[in-house]
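Open the model in your viewer and keep the selection panel at hand.

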Amino acid sequence: MVNDTIADMLTRIRNANLAKHQIVQVPSTKVTKNIVKVLKEEGFIDYFEEIHESLQAFLLISLKYKGKTKDCVITSLKRVSKPGLRVYANHQEIPKVLGGLGIAIISTSRGVMTDRQARHYGLGGEVLCYIW
C-alpha cells in the first residue's frame with residue numbers, strides 16, 4: 001500500500017530515466033493519470049496508455065529522449081506538496097520553475113494543469129510538483 005501515489009510515480013519515472021528505460025509502469029489513479037496527461041501535453045513524454053489487469057489498473061508511460069546520445073528530456077522531478085505538509089498558492093504566488101524553463105503542476109478547482117495555465121485562468125491551488 002502506497003500512501004503518496006504522486007511521489008511514487010515521480011520516483012518510478014526518475015529511476016527509469018536514470019536507467020535509460022524506454023517504458024515505465026505506474027499504478028493508475030485519477031491524479032496520476034491527469035499528471036501524465038499534462039506531461040504529454042508539455043512534451044516531457046512520448047505517449048501513455050492505461051492497462052487494466054484483473055483488479056488493478058496501470059499506466060504504461062513511454063519516456064522521451066533527445067538525440068543519439070539519449071539525453072533525458074526530463075532533467076529532474078521534485079515533489080512539492082506532501083501528505084504531511086500541503087503547499088497551496090493563489091494565482092499571484094504560483095512559482096515559476098527555472099525562470100519559466102520548467103513547469104509546476106498545480107491541482108486547481110478546474111483540474112490538474114501547469115503553472116502557466118493556472119495563471120492564465122487566474123486560479124490557485126495545491127502545488128503538486130516541479131518538472132524541468
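Is E8 largely enclosed by the rest of the structure or exposed, and why? Select E8, residues 103-108. Five of its six residues are buried, so E8 is largely enclosed by the rest of the structure. Buried means under 20% relative accessible area, exposed over 50%, and partly exposed in between, with a 1.4 Å probe and protein chains only. Strands (E, at least two residues) and helices (H or I, at least four) are DSSP runs numbered from the N terminus.

A note on the model: this is a prediction, where local features need pLDDT of at least 70, side-chain atom pairs count only at pLDDT 80 or more, and totals for chains, interfaces and linings use all residues. Residues are numbered from 1 along each chain as its sequence is written, and side-chain values use heavy atoms, with hydrogens and water left out.

**The partners of E8**

Five bridges join E8 to E10, and the two run antiparallel. Ile103 has Ile131 of E10 as its bridge partner. A hairpin of two residues links E8 to E9. Strands pair if DSSP finds at least two bridges between them.

**The core**

Select Ile13, Ile35, Leu39, Ile61, Leu63, Ile105 and Ile131. In the largest nonpolar core, of 27 residues, these touch the most other members. A nonpolar core is a set of buried Ala, Val, Leu, Ile, Met, Phe, Trp, Tyr and Cys residues joined through side-chain atoms within 4.5 Å. Elements giving two or more residues include H1, H2, E3 and E8. H1 gives the most, with five.

Zoom in on Ile13, in helix H1. Ile13 counts as buried because its relative accessibility is 0%. Leaving out residues up to four places away in sequence, Ile13 touches Val24, Leu39, Ile61, Leu63, Ile74 and Leu77; contact means heavy atoms within 4.5 Å.

**The pocket**

Select Asn3, Asp4, Thr5, Ile6, Val31, Arg79, Pro83, Arg86, Ser107, Val112, Glu126 and Leu128. They line the largest pocket, which holds about 160 Å³ of space. The lining divides into five nonpolar, three polar and four charged residues. On a 1 Å grid over the protein atoms alone, a pocket is an open set of points where a 1.4 Å probe fits, with protein on both sides within 12 Å along at least five of seven lines; lining residues have an atom within 4 Å of a point.

Conventions. Points joined across faces, edges and corners; volume = space filled by probe spheres on them. Nonpolar A, V, L, I, M, F, W, Y, C, P; charged D, E, K, R; others polar.
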